[in-house]
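This briefing goes through one protein chain, from the whole to single residues. Have the sequence and the 3D view at hand while reading.

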Amino acid sequence: YLFDGPVDAIWIENMNTVLDDNKKLCLSSGEIIKLTEAMTMMFEVQDLAVASPATVSRCGMVYLEPSLLGLSPFVRCYLRTLPEAVKPHKDALHTLFQKFLEPSIKFLRNKLKELVPTNDGNLTFSLTTILDCFFKPFIPKEGETIPPEKLKMVAKLIEPWFLFALIWSVGASCDGDSRKKMDVFLREKITEEKISMPFPADGLVYDYRLDDGGASRPPREKGEEEDEEDKKRGKAKIQWLPWMDGMPDFSVDPNKRFSDIIVPTMDTVRAHFMLQLLVTNSKQVLCVGPTGTGKTLTTTDKLLKGMSSEYLSHFINFSARTSANQTQDIIDSKLDKRRKGVFGPPLGKRFVFFVDDLNMPALEVYGAQPPVELLRQWMDHGGWYDRKAIGS
């Protein structure tokens, strides 16, 4: 059994009899459960600041130094999961990881300032998450095949896909001045490594999106009419385009309230694009930034007006008094029961929960935020325990 999360000294003290050689779990109901010899308990924790000597003495300690582990194991594990259509380009992708990932992270750590502290492993996972979004259309559904013309595009797209994912993972957490330095670094690195499709000379690398000719666009469902993008797909050229390119002219609706008017800028267009890319591929998104920069307004606008009818949005506001039980009850109340122990959105729909002010819940005595830990449990394990049916 692997327990992941912060140490709670009181809870862990109650585990002492399990961690002893006799391996007996004593429950508050008076029931005693004996663990077999094959069962082992492991705890994966950040630190032992609040752990008691009794706990430390009962557990064998293994300390993993992130710098000794490196990023190579993450990359190798990810490359094993590539879709079959992308596997022929595995070596090219591995070379890009070797040439760009560690030098970019090293440059970030030594020269740039981050808005929110990150660690190297998380940046690597963010990079692979964006790549997953580009690769998903190349995982065929049952009874479907991927068009050959689409497969031919993959070889040309591996480099630009990787560079776009690198910019919006490793390069996304730094502030405005640091982005200018990252721009210079990446342009020099791209020239040095002789990348076939460099960025245009104007502006920063952050000012461009990738037009991949519709390669990463999901295939049309049966009966769905061909739209303008589908018609252009065969003719489109793979290129870097400014974010504002192709945006319709903006006009203000005189009947709208002033507070509801959102003028499209490069920042809002970029935020909408990344939200769309990640949410439609079932990835979690964390929006960070200084107070009053429009994070809530931009996200709300995209979820309410910019998503297809398949997605239903719900909004949760955290405060200092929000508890884990309240959070669980709010989310559970929105779900439909499918079968025993399984809940979800209405059939054919997907729920998107937007949690505003994620950092607001008060810290408990041992430094954890229970509502945030509950959300992390759902992200890791896909569910949580029914508090009302314990033991039944």
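The model is predicted: local features need pLDDT of at least 70 and side-chain atom pairs count only at pLDDT 80 or more, while totals for chains, interfaces and linings use all residues. Residues are numbered from 1 along each chain as its sequence is written, and side-chain values use heavy atoms, with hydrogens and water left out.

**The whole chain**
- The protein chain has 14 helices and 10 strands; these are DSSP runs numbered from the N terminus, with helices being H or I of at least four residues and strands E of at least two.
- Along the principal axes, the C-alpha atoms fill a box of roughly 70 × 55 × 50 Å.
- Among contacts (heavy atoms within 4.5 Å) with a separation of 6 or more, 67% are between residues 24 or more positions apart.
- The chain exposes about 24900 Å², and carbon and sulfur atoms supply 55% of it; the area comes from the Shrake-Rupley method with a 1.4 Å probe.

- Strands β8 (residues 336-339) and β9 (residues 342-344) run antiparallel and are joined by three bridges; two strands pair if DSSP finds at least two bridges between them.
- One of the residues involved is K337, whose bridge partner in β9 is F343.
- Two residues lie between the strands of this hairpin, and G341 in the turn has a positive phi of about 80°.

**The loop between α11 and α12**
- N281 lies in the loop between α11 (266-279) and α12 (295-305).
- N281 is buried, as its relative accessible area is 13%.
- The side chain of N281 reaches the backbone oxygen of L277 at 2.6 Å.
- Beyond its neighbours within four places in sequence, N281 is in contact with C133 and K136.

- Most residues other than glycine have a negative phi.
- S282 is not a glycine, yet its phi is positive, near 60°.
- K194 is not a glycine either and has a positive phi of about 55°.
- K194 sits in the loop between α9 (176-192) and β5 (208-211).
- K194 is exposed (over 50%), with a relative accessible area of 70%.

Definitions and conventions
Buried means under 20% relative accessible area, exposed over 50%, partly exposed in between (1.4 Å probe, protein chains only). A polar contact is a pair of N or O atoms within 3.5 Å; within protein, one must be able to donate a hydrogen and the other to accept it, and residues adjacent in sequence count only if both atoms are side-chain atoms.
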